[in-house]
Every structure is written in structure tokens, then in C-alpha cells.
Amino acid sequence: QMRPDGTAMDENPAPDAEEYFATALLFASNRWGNGKGIYDYKKEAFAILDAMKNRKPITGPVNKDKRKTTLHSLFNTEHKMVRFTPDADNFAKNGDHTDPSYHLPAFYDVWAAWGPEADRAFWAEAAKVSRDYFVKVTHPKTGLAPDYANFDGTPKAASWDAGTANFRQDAFRTA
């Protein structure tokens, strides 16, 4: 996320981007095969998928050394759900939670079929969990989801913006 002058607001990842990168690389691998180096699409996809789920916490400086934090994997393996952020500082302020629009169960089905064999069962379960989650997180009358939510499906008001408990710009993608 960048400011209009090009400086970073936050150097941490938005987990949904990595989900798209890994899936695009798997499709490239299956369409065109794998070359060498960065053109070994399958290897690159597997590296992203492995880091998204299995990476151990890393502690160090972020935001041009303005603060130090610990970053966790992009998926909460206990809940089998994508996190809003891997940043432990955010967990301390807001609790570990998710963004319903980051849930991409069709992608998880692809990862369960084509991803690293050791994690295929996890991805298959994550797809089911995400599909079930959409029923929990969406309003029973409107069908609309909040921007952010807890892993149990209850809306999450972020410390910096209580409006995240409502249907807004992120939630449009949960259709």
C-alpha cells in the first residue's frame, strides 16, 4: 500500500495478493510447462504456497526500519483460514482475524489438486472451511459480509476504523 508520493504506508503483504500469485503460477505451469529460474512456474508457486502456510515467524524491522515486529505465516493453520495480516503487532491490537474477501476457496481447490503434496489435504479442508465461512460471515437477510471478521464469522471493528465491521470496499469482493 503506497501513498500518492510513492512512499510505503506498510511493507507487509496483503495475503490475497500472494493467493493470486501462487494460483497464476500454477496455471502457467500447467499451461506452458516449467523452464529454468523464475520461469520454473511450479517451483515458484510451491515456494509461495509453502511460505503462506508453513513459514515460521520472522522478527525484524519493517517500514524502513521504523518499527520492529514479528510476521507469521499468511494462514492461521488452526482455523484453516487466511489472515488479514501476518503482523503480530496487529494481533496485539486487533486479535488475529481475517478479511472475508481474502477467502478464495476455488483457488484452494486448485492448490489441493496441483500444490505441494504434503499440504494438499490442508488446502482441501481450507476450501471447505472458506465455503462454510461465507455462510457464517454474511448477514442472513442481506447476504452482505463485513470488511473484516473474526474466525468465528462475527464482524471485526479494527482499532483504526470501526467501520470495518460493516459492508464496505473490501467486502464487495465476497459476492
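Guide: Helices (H or I, at least four residues) and strands (E, at least two) are DSSP runs, numbered from the N terminus. The model is predicted, with local features needing pLDDT of at least 70 and side-chain atom pairs pLDDT 80 or more, while totals for chains, interfaces and linings use all residues. Residues count from 1 along each chain as its sequence is written, and side-chain values use heavy atoms, without hydrogens and water.

Visitor: Which helix gives the most to the lining of the second largest pocket?

Guide: A pocket here is an open set of points on a 1 Å grid over the protein atoms alone, where a 1.4 Å probe fits, with protein on both sides within 12 Å along at least five of seven lines, and lining residues have an atom within 4 Å of a point. The second largest pocket is lined by Arg-67, Asp-87, Asp-89, Asn-90, Lys-93, Asn-94, Ser-159 and Trp-160. With 4 residues, the most to this lining of the second largest pocket comes from helix 3 (residues 88-94).

Visitor: How many residues in that lining of the second largest pocket are charged?

Guide: The classes are nonpolar (Ala, Val, Leu, Ile, Met, Phe, Trp, Tyr, Cys and Pro), charged (Asp, Glu, Lys and Arg) and polar (the others, Gly among them). In the lining of the second largest pocket, 1 residue is nonpolar and 3 are polar, and the number of charged residues is 4.

Visitor: Are helix 1 and helix 2 roughly antiparallel or oblique to each other?

Guide: The axes (lines fitted to C-alpha atoms over the stretch in contact, with angles from 0 to 180 degrees between N-to-C directions) of helix 1 and helix 2 (residues 41-54) come within 8 Å and cross at roughly 150°. Angles under 35 degrees count as roughly parallel, over 145 as roughly antiparallel, 65 to 115 as roughly perpendicular and the rest as oblique. The two helices, helix 1 and helix 2, are therefore roughly antiparallel.

Visitor: How many nonpolar residues does the contact of helix 1 with helix 2 have?

Guide: Contact (heavy atoms within 4.5 Å) brings Glu-18, Glu-19, Phe-21, Ala-22, Leu-25, Leu-26, Ala-28 and Ser-29 of helix 1 to Tyr-41, Lys-42, Glu-44, Ala-45, Phe-46, Ile-48, Leu-49 and Met-52 of helix 2. Besides 1 polar and 4 charged residues, the contact of helix 1 with helix 2 has a nonpolar count of 11.

Visitor: How do helix 1 and helix 4 lie to each other, oblique or roughly antiparallel?

Guide: Helix 1 (residues 15-32) packs on helix 4 at an angle of about 50°, with their axes 10 Å apart. Among the residues that meet are Tyr-20, Leu-26 and Phe-27 in helix 1, and Phe-107, Tyr-108 and Trp-111 in helix 4. The contact of helix 1 with helix 4 divides into 9 nonpolar, 2 polar and 1 charged residues. Helix 1 and helix 4 are therefore oblique.

Visitor: How many charged residues are in the contact of helix 4 with helix 5?

Guide: The axes of helix 4 (residues 105-114) and helix 5 (residues 120-137) come within 7 Å and cross at roughly 165°, which makes helix 4 roughly antiparallel to helix 5. The contact includes Pro-105, Tyr-108, Asp-109 and Trp-111 of helix 4, and Arg-120, Trp-123, Arg-131 and Phe-134 of helix 5. By class, the contact of helix 4 with helix 5 has 12 nonpolar residues and 1 polar residue, and its number of charged residues is 3.
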